Amino acid sequence: MRTLMLAMWTVGLMWGAWATEPAVLVRLANPALLGFVFLDGGQRLLVATGEGLELWDVEKGQRTGFWSRPTVRALAADREGSVVAVALDQEVEVWDPRLLRPVQRLTHPRVQRITALAVSPFGRYAAALAGVNLVVWAVPTGDPVYFNDTEGLLGKPTLSFDALAFLSERELVLVVDTEAFLLDFWARRLKPLGSLPFRAERIAVDPQRRWVGLPASDPHGVGYLLSVREVDTGREVATFPLSGGSDAWVAITPDGRVLSPARTRAGTGLHLFGLGPAPLPCCFTCSTGHFPRLGALSPDGTRIAVEEPISPFLSRLGVYALEGCTPLARLGRWSVPTEAVALTPEGRWALRLTAAGVEVWDLKDLVLRNTLEVPWATGLAVHPSAPLVAVGQFYGEQILFWDWQENRIARLSLEQPDPQASFANRAARMVFTPDGTKLAICHGGGDLSLMEVATGRTVWRVAAQQIGSALTLSPDGQLLVTVGSNGIFVRDLATGRLLDQRHTYVFPREHFWSGPRTLLVAGLGPIIGRFVAGTWVTQRTSVWLWVHFSAEGRIVQVRSLSAPPGLGALLEDGRTLAVWKFEPSLEDPHRSVLVLWDAQEDREVHRWFLDLALRDEGFWELKGGVAPVPGARRVLVWNAYSSLRVYSVNLPPRDLRVLLPTAVLVQEPVELCAKAVDPEGGRLRYYWDLGDGARAEGECVRHTYAQEGEYPVRVLALDDAGDAAGWMGTVTVVRTHPEFAFFPQAPGVLEEIKFYDTSRPAEWVSQVLWDFGDGHRAEGREVVHRYTRPGTYTVWATVRWVDGRELRVRREVGVADVSCVESVPAPGAPRFYRVRLSQEDRGRFHFGDVVWIVRRDPTDRWIPVGRAVVFTPQADGMWVVLAEALPGLEPRIGDRVVRDRP
């Protein structure tokens, strides 16, 4: 621990400062691959991932640059690769490939969610699709030169744009639903290119503006085709097979040939077909090992880059020479998007569900331990004690029980003979019982069942009709709770009998238990909208509900929580909610935050900004999730397109105060004390660096300095999670020690305060100058001063020594707001005294009230001076007449005025 403390001091710990992002403790998985373009004629590749932009050197096979862009959605480049456009969620950045930095920013008030991007052949224009909106910018100026929506373009406001590509500097090919069009945005002319049998996301255009390639269906029902049509006439000139499906990457080369996904005896990869009056047959098959759904063609048409699988979960970029299909490079490792993440109960393993199957990540050693390929996986349930996971296969038609340590697999089929009942019987939600012997299943049709894991026998099955409901079991294994849009239902787990129900309209997303009979449910709420940075943004809210059950399983209370909308997880303390939410600002329209929320007191505790990729589904919902890591105040935040990150959400100690003397004497022991507060209420440890090479541990430490000088003292307060608060100060060690004292320690307004010098050695003091902090000064080793107003004053004593040196020392003096004697009568005058009233006493005294005048004696006790009667009450004071004075005493300025005799 001391080594940790010294390391933190060595790197220059920012004492008392909180980071804008919580500490990333673990980082797992590679971000998903989103797109790539060639630069420098094919020498380099600019790659877009869920976390930013990567630059790869094709010849060296190395990554040479990275730029964080967590909201990147797409890349596009001009024909020569001299202008690159990067689509973010609400804007487009134009990059200069030579400078490798953005040089232009393209925005529009109606662009909220960019879905497709294109750059004109010579880089003068950039176009983007955002739902029903199409906008074209002039790249040099950044000004929009064309804007339209589907209603203005086609008279169909319910349709959205699906794909676009530049055919020339003034023409765009657009796909809207199942229609293709050629738009001349200079002349505002629209020309139909024909109908498609289905929606398409890919367009292949000829760099020479002769042909355009659009997906089509095979009339024989074998698969998909690419229909190549003449631009000017719309006539179909050729069709080519699309073995990879309608969304597979295809391209037309500069010399008029078509690259198309293929499956042949030679393998899976790309075909190269000829075009023209007499189309050439397939001239080669480039065997890349899969159907390339992402690809890029170099500007000169000599190289191709395609996404290739390393495993069902990882992919890379394969770069080939177009002629001869010669492999040139294998670049990078990127993952497929994440669909769900679950943690084992002890927090050691993270199980990641993707479209390809299940991965097991070791959170301690930070390695991928095992993988299981599961076609069309759905649902994930982790065993409470064994290295076992249940996952639905073929959308839940089968359940796989996978022991990832022994790599053993057991299959259980849920297929029924009646085909109509098959979908309704699939496993949509699953959860193991606390003892791990049974599996509760919510089926596709809404039925519920309980199954024995060892035998596959169904213990019970009930028709519940809760499609897509959240499914959870109480920690003691007695209650099965389902939450859906039609309400909350509680059942006896042993029998399936319905115990209670409550009709609440919640579309459940997460649920967490806080004790055996309290459940926190998170669901989707209504959609709200607001203007952010000049853009109207819609966002779906969240509903947070505390649900309390009786011992018998009755719902006794449903209480709403005002936690913010987002993805959340309840920490192990049962009251702290960590919520990851989208929170745009004028400075950062894509900002997200991680909020700690006290679910018991219903208030925000702390927040951090997260630099994580965002993906929306129409309503600015984050595509990912949050899971609590057992055993610590940590959460795993995962995004579908970026890496998995474990953050520490432990709050560091705060309010660190250190009692440190201004100066100490050589060879004289001095005590130094520190005190801080742990927001989580845990125990703190204190570590000291005393500046002269000595170190100590403890809340209070004693130390002796051997020589004169100034010593930097550092204190570190650490909590149980290892988070720290720091403080740094200076101790001045002298052979003479300036100091002073005063009495009383808690004076009131106008009370006489005695200040006296206590510097050592006293015989070395030649002069003491005082500054009382209220504009008054004095000189002498003992002085008296009164303060006329309440408050805290800093008193400085400047001590001059016989050897000519001068040292200053200060103390804080708190002056209380009290009622006291403000003026006394002249000798021989009537015995009327003016009393100053404190804020608390104003309005409390009336004519004829009896008050006592009291004074502090040298032992800090209060003694009565006399009894008086209120004569003239006023707003901020009053006059009193002295009715009785004790023998030998007379009231004087600064004496207190109270109701009762001490």
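**Aromatic residues in the predicted model**

Analyst: In this predicted model, a nonpolar surface patch is formed by F847, F871 and W879. Together these residues have about 330 Å² of accessible area.

User: Is F871 buried, partly exposed or exposed, and what is its relative accessible area?

Analyst: F871 is located in strand β75, which covers residues 862–873. Buried means under 20% relative accessible area and exposed means over 50%. F871 is therefore partly exposed, its relative accessible area being 42%.

User: How many aromatic pairs are there?

Analyst: Rings of Phe, Tyr and Trp count as a pair if their centres lie within 6.5 Å. By this rule, the number of aromatic pairs is 18.

User: Is the aromatic pair of W513 and F549 stacked, edge-to-face or tilted?

Analyst: The ring centres of W513 and F549 are 5.8 Å apart, with 35 degrees between the planes. Planes under 30 degrees apart count as stacked and those over 60 as edge-to-face. The pair of W513 and F549 is therefore tilted.

User: How many residues apart in sequence are the parts that W513 and F549 tie together?

Analyst: W513 is buried at 18% relative accessible area, and F549 is buried at 6%. W513 belongs to strand β46 (residues 507–513) and F549 to strand β48 (residues 535–549), so the pair ties together parts whose separation in sequence is 36 residues.

User: Which ring lies under the charged end of R808?

Analyst: The charged end of R808 is 4.1 Å from the centre of the ring over which it sits. That ring belongs to W796.

Technical notes:
Residues are numbered from 1 along each chain as its sequence is written. This is a predicted model: local features need pLDDT of at least 70, side-chain atom pairs count only at pLDDT 80 or more; totals for chains, interfaces and linings use all residues. Side-chain values use heavy atoms; hydrogens and water are left out. Patches are made of residues with over 30% relative accessible area and no salt bridge: like charges are joined within 9 Å, nonpolar side chains (Val, Leu, Ile, Met, Phe, Trp, Tyr) within 5 Å. Accessible areas come from the Shrake-Rupley method with a 1.4 Å probe; for residues, only the protein chains shown count as cover. A salt bridge is a side-chain nitrogen of Lys or Arg within 4 Å of a carboxyl oxygen of Asp or Glu. Helices (H or I, at least four residues) and strands (E, at least two) are DSSP runs, numbered from the N terminus. Buried means under 20% relative accessible area, exposed over 50%, partly exposed in between (1.4 Å probe, protein chains only). Rings of Phe, Tyr and Trp (its six-membered ring) pair if their centres lie within 6.5 Å; planes under 30 degrees apart count as stacked, over 60 as edge-to-face and the rest as tilted. A charge sits over a ring if NZ of Lys or CZ of Arg is within 6 Å of the ring centre and within 35 degrees of the ring normal.
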